[in-house]
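Trainee: Could you take me through one part of this model slowly, strand by strand, and say how its pieces pair with one another?

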Amino acid sequence: MSKARISNTHRTPLNARIVFNDGQTIVSCSVHQLTESGATLQVHSVLGIPSTFRLALSDTTQHPCWVVRKAAKEIKVAFTDWQPAAEAMGA
C-alpha cells in the first residue's frame, strides 16, 4: 500500500473502485476530491456499500476507508491508514 502524498489537482475525476466483501464485491466510482486523509466519491447508488471498505485508486494503491457521510450518489470517506505528517504533529 502506498503511503505517498496524494492529491487530485486535476479537473478530471479519477476512476477508482470500492472493494469489499473480501474482494468479492467491486463497485466503480469516480474520485472528485482526493486528499491525504480522505476522498469524495461519486457512485451510481450508495445502496449496499458498507461503512468500511478499501478504495482502489490503481492496481497497486489501495486505502482502507470508513464512510464519513453518504448522500444519494456521493460518499465522503476518511482513510484509516492516514497518519498526519510529523511536522504537523509538532515534531
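**The strands and their pairing**

Mentor: Let us begin with strand E4 (residues 52–56) and strand E5 (residues 62–70), which run antiparallel and are joined by five bridges; here strands are DSSP runs (E, at least two residues), numbered from the N terminus, just as helices are runs of H or I with at least four residues, and two strands count as paired if DSSP finds at least two bridges between them. This is a predicted model, in which local features need pLDDT of at least 70 and side-chain atom pairs count only at pLDDT 80 or more, while totals for chains, interfaces and linings use all residues. Residues are numbered from 1 along each chain as its sequence is written, and side-chain values use heavy atoms, with hydrogens and water left out.

Within the E4 and E5 pairing, Leu55 stands opposite His63 in E5, and the two strands are linked by a hairpin of five residues. E5 is also joined by five bridges to strand E6 (residues 74–79), again in the antiparallel sense, with Cys65 having Phe79 in E6 as its bridge partner and three residues lying between E5 and E6 in their hairpin.

Elsewhere, strand E2 (residues 25–34) pairs with strand E3 (residues 38–42) over four bridges, in the antiparallel sense, and Ser30 is found opposite Gln42 in E3. Taken together, six strands close into a barrel in the order E1-E2-E3-E6-E5-E4, with antiparallel pairing. From one strand to the next the twist averages 45 degrees, where axes are lines fitted to C-alpha atoms, for helices over the stretch in contact, and angles run from 0 to 180 degrees between N-to-C directions.
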